Amino acid sequence: MSAQKKPKKYTLRELGLSADRLDRHAVSITDRLVEAGFQAYLVGGCVRDLLLGMHPKDFDVSTNAEPDEIQALFKNCRLIGRRFRLAHIHFGRHIIEVATFRGPHVKHDKNDSHAHKDGRLLRDNVYGTLEEDAWRRDFTVNALYLDAQNKTVIDYVGGIDDHQQRVLRLMGDPVTRYKEDPVRLLRAVRFKAKLNFQFDAETEAPMNDLAPLLKDIPSARLYDEILKLFLNTKANDVFDMLRQYDLFDPLFPQTELCLKKASSDMPLALIKQAMENTEARLKNHQHITPYFLLATLLWEPVRRLTQQNRHTFNSDTQAIHAAANEVVAHQIGRIAIPRRITTPMREVWALQPRFHKQVGVRCLRFLDHPRFRAAYDFMLLRAQHGEVDVKIADWWTHIQTLAPAEQKLMTRPSQFKHKRKAHKKPAKNVPPVE
Ligand code: ATP
Ligand code: MG
């Protein structure tokens, strides 16, 4: 694909897009910039999503005004970023990001400080023209500019055609573009799932081969990306695609190894169930926490290691703690999961053995544990997949419905004698440790 000199222009009417759907704050920003003599457009994900009838997460503006010029025009403006400065324009809690057009980075040569030796771009901070700004973006459907004053969409890259054909196409030579920024491999999967598009063949072809490049991405950036990958209503498709394109292994190597080695489909089914639950909660506008999903993604390595080391510890809880330490330490080398997330993850794991104790006051106290609810949900997930006896799960479901006096009765040792032995046995269909 080569740069078109003249862009195609489409009216909003032709595209079936009503101007009422544009964010009024974003439009007011472009109005002000244009009045001041600059070019200014709505750009990127918001244009793409509007064209699909979706509700954009955020509205971004792109302009030829430089950050200081933007700041001079808006009182409610803060400049952020060091290498590439961006303007954030605040409307209460609502923020519109305004970026100056970026140009192509300097051509690679051996003295080029902008590129890493494997082609990765380290800096991307040169101002450019509208056309250059379009070509440095990732997918054609992400490079459409909406001119709110003239009610048109400007397309340098064939994005409208691809949009209409529902094709996700990386601009330029895909191998070069993935090498410049391997996170584009993850973005490809995320957008394919979100938009329900097909990959252009050239965009898809190098993905598996280039997947190992993700190992070089800073772990903090990967944390942000995996949240975007999994905390959405297409989490399950994303997960399947990540595995299909060998992208899951560089992100969660311990989990991928366990899934490959597994002698039953239980570990996979548990993860997929958790993804489904996340999707359902999001569709019902319920709260979701990343730690729960991450706890399920890393559970199989923790469970296996716990079983392997069980004989060296005095209790299951100690064995789980030790396994969790090892698994988390490995994982944060790859993805910088912050401590505020790893702490509750570990708690949910470490509380699992307590569900097997159904007698005494400690068991009653467990019901009031701040992490009880999450640990209980996690245990239910395990029970659904044969890792915990369903009778135990039912017992904990039932006790929560009772008044305190009845709960006390339920946890009396005499209520329980006949069952105690059974609880020590693992559930039948838990796969053996290999
Ligand atoms: P969403 O916000 O729904 O996840 P988006 O397309 O808005 O999708 P952002 O990450 O907000 O994604 O990025 C905004 C725009 O910036 C994109 O549409 C794309 O044009 C450009 N962009 C973002 N990341 C990259 C990248 N890694 N390489 C090239 N262009 C990018
Ligand atoms: Mg966005």
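Q: What share of the chain's contacts with a separation of 6 or more comes from residues 24 or more positions apart?
A: This is a predicted model, where local features need pLDDT of at least 70, side-chain atom pairs count only at pLDDT 80 or more, and totals for chains, interfaces and linings use all residues. Residues are numbered from 1 along each chain as its sequence is written, chains are lettered from A and ligands numbered from 1 in the order written, and side-chain values use heavy atoms, without hydrogens and water. A contact means heavy atoms within 4.5 Å. Among contacts with a separation of 6 or more, the share from residues 24 or more positions apart is 69%.

Q: Which helix gives the largest share of the shell around ligand 1?
A: Helices here are DSSP runs of H or I with at least four residues, numbered from the N terminus. Both α2 (45–51) and α7 (183–195) supply at least two residues of this shell. With five residues, the largest share belongs to α7.

Q: How many residues of the shell around ligand 1 are charged?
A: Asp, Glu, Lys and Arg count as charged, Ala, Val, Leu, Ile, Met, Phe, Trp, Tyr, Cys and Pro as nonpolar, and the others, Gly among them, as polar. One shell residue is nonpolar and three are polar, while the charged ones number 13.

Q: How far is a polar side-chain atom of Arg137 from an oxygen atom of ligand 1?
A: A backbone N or O atom of Gly45 sits 3.4 Å from an oxygen atom of ligand 1. For a side-chain N or O atom of Lys194, the distance to a ligand 1 oxygen is 3.0 Å. For a polar side-chain atom of Arg137, it is 2.9 Å.

Key: A polar contact is a pair of N or O atoms within 3.5 Å; within protein, one must be able to donate a hydrogen and the other to accept it, and residues adjacent in sequence count only if both atoms are side-chain atoms.
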